[in-house]
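User: I am new to this structure. Please take me through some of its parts.

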Amino acid sequence: MKSLPIVALVGQTNAGKSSLLNRLAKRNIAIVAREEGTTRDNVVATIDNQFILIDTAGLKNPEDDFEASIQDQISDAIDSADLILVTLDSSKFPNQKDRDIARMALKSRKPVLLVLNKSDIHGPADEEFLFGIKPSETIRTSTTTGQGIGDLKRKIYNVLSENGHLGDVPQATAENEDIIKLALIGRPNVGKSSLFNSLSKKQQAVVSSRQGTTRDVNRVQVKYEGQTIEILDTAGLRKPGKREVGIEKFSALRTLAAIEEADVCALLIDSTEPHSKLDQSLAGQIVEAGKGIIVVVTKSDLLSEDTVTSTRETSEHATPVDIILNELEHDFDFLPFAPVLVTSSETGKNVTKLFDLTLQVDAARHTELRTNNLNKILREAIVAHPPAGLKNTHPKPKYIVQTDTCPPWFVIHGREMELMHWSYKRYLERKIREFYPFLGTPIKFSFHNEK
């Protein structure tokens, strides 16, 4: 049950790191644009269920606090990584910034590969600009033509295996795919470890367990209703500006990797403290990653009239739990599909129900709707509320198909689909959820123009 190793892409802006991530992941995860500095945060993806790939923002001079925070993320990624891919634009002459990046990577004493990207464009970069990196550790790639992508992936596997990072990672077998991974996500002291321990005691049978390290995630596999569930207890995340160097930096990256690795995430909210924008941000990251989400209110045994206050109007007969649920419904209005569970690890209240909800959410993530049902929903939605557009032109949706699960992904075909407003997508999502609620499951949309 070894956690997946982390591979970090570092390099200057516009070196092609985001395109490399998309190529290796075989899907568009990172935003790709010609403008420099498009990636403003770490983007993570699981590659072949074997390793976590982190695409960092391009290295720039930290001229302000915002840019400085981006450089901190790059340092975090290098510190947390098991392998570093220094990415250069091979169509340009390497400069001092490239040397600084290579020096940072080599100084970490982690395995380093030099990726000379954009090799389809004839340029000056050659092996004489290796900055101390051995020629055998250099790979030429092109995300446009696909040149060298397979070689790069094989090299990554070889390096990770040689350094013992893939030894205990299971291959993607049918047996392994049957394990549901549940990650406990939240701020420090929100009750993750207490819930983790309580869940471990409530299971029908312990399959195996592994003690975590300062860099890692505690894990335990349990059997519930005949289903194996692997629980991941992550380190608490604080606001980036309040994170300390060292252990907490490692933990932040591992937590983001755990979200990517998980099937379902339990977002823990402390009932004795007001939830914050960080809680909303974590919820947004879980939804953006397409993972199932359950909102878990912890420490309900400590609730009293004195510990709960409301910023909104409530009934005079409202209980502390009613007040908290009212606050959550207002501040997490972008999660109407997420179930809310009020728990207490101290008393065991509703702890086992988290297993039940996990099974339900995972089933929803794997649900595929029939095309004829989807098109009936689309037709009725258009009749009730046609999509708006420009003065003389408006979108003309023709039909809808579901192309994927985990998360469920719907593609709407038609004409002038670029004019489709985001609010209409939400409207269609509501209509689909009226037919099938997709409990705790974000759903994705794409729009395709037909000639």
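Analyst: In helix α1, Leu-20, Arg-23 and Leu-24 meet Ile-149, Leu-152 and Lys-153 of helix α4, where contact means heavy atoms within 4.5 Å. This is a predicted model, in which local features need pLDDT of at least 70, side-chain atom pairs count only at pLDDT 80 or more, and totals for chains, interfaces and linings use all residues. Residues are numbered from 1 along each chain as its sequence is written, and side-chain values use heavy atoms, leaving out hydrogens and water.

User: At what angle do α1 and α4 pack, and how are they therefore oriented to each other?

Analyst: Helix α1 covers residues 17–25 and α4 residues 149–162; their axes lie 11 Å apart at an angle of about 80°. Angles of 65 to 115 degrees count as roughly perpendicular. The two helices are therefore roughly perpendicular.

User: Are the residues of strand β5 buried or exposed?

Analyst: Buried means under 20% relative accessible area, with a 1.4 Å probe and protein chains only. On one side of β5 are Val-112, Leu-114 and Leu-116, on the other Leu-113, Val-115 and Asn-117, and both faces are covered. Of the 6 residues in β5 (112–117), 6 are buried.

User: Which residue in β6 is the bridge partner of Val-115?

Analyst: Strands pair if DSSP finds at least two bridges between them. Strand β5 and strand β6 (residues 138–140) run parallel, joined by 3 bridges. The partner of Val-115 in β6 is Ile-139.

Terms used. Buried means under 20% relative accessible area, exposed over 50%, partly exposed in between (1.4 Å probe, protein chains only). Helices (H or I, at least four residues) and strands (E, at least two) are DSSP runs, numbered from the N terminus. Axes are lines fitted to C-alpha atoms, for helices over the stretch in contact, and angles run from 0 to 180 degrees between N-to-C directions. Angles under 35 degrees count as roughly parallel, over 145 as roughly antiparallel, 65 to 115 as roughly perpendicular and the rest as oblique.
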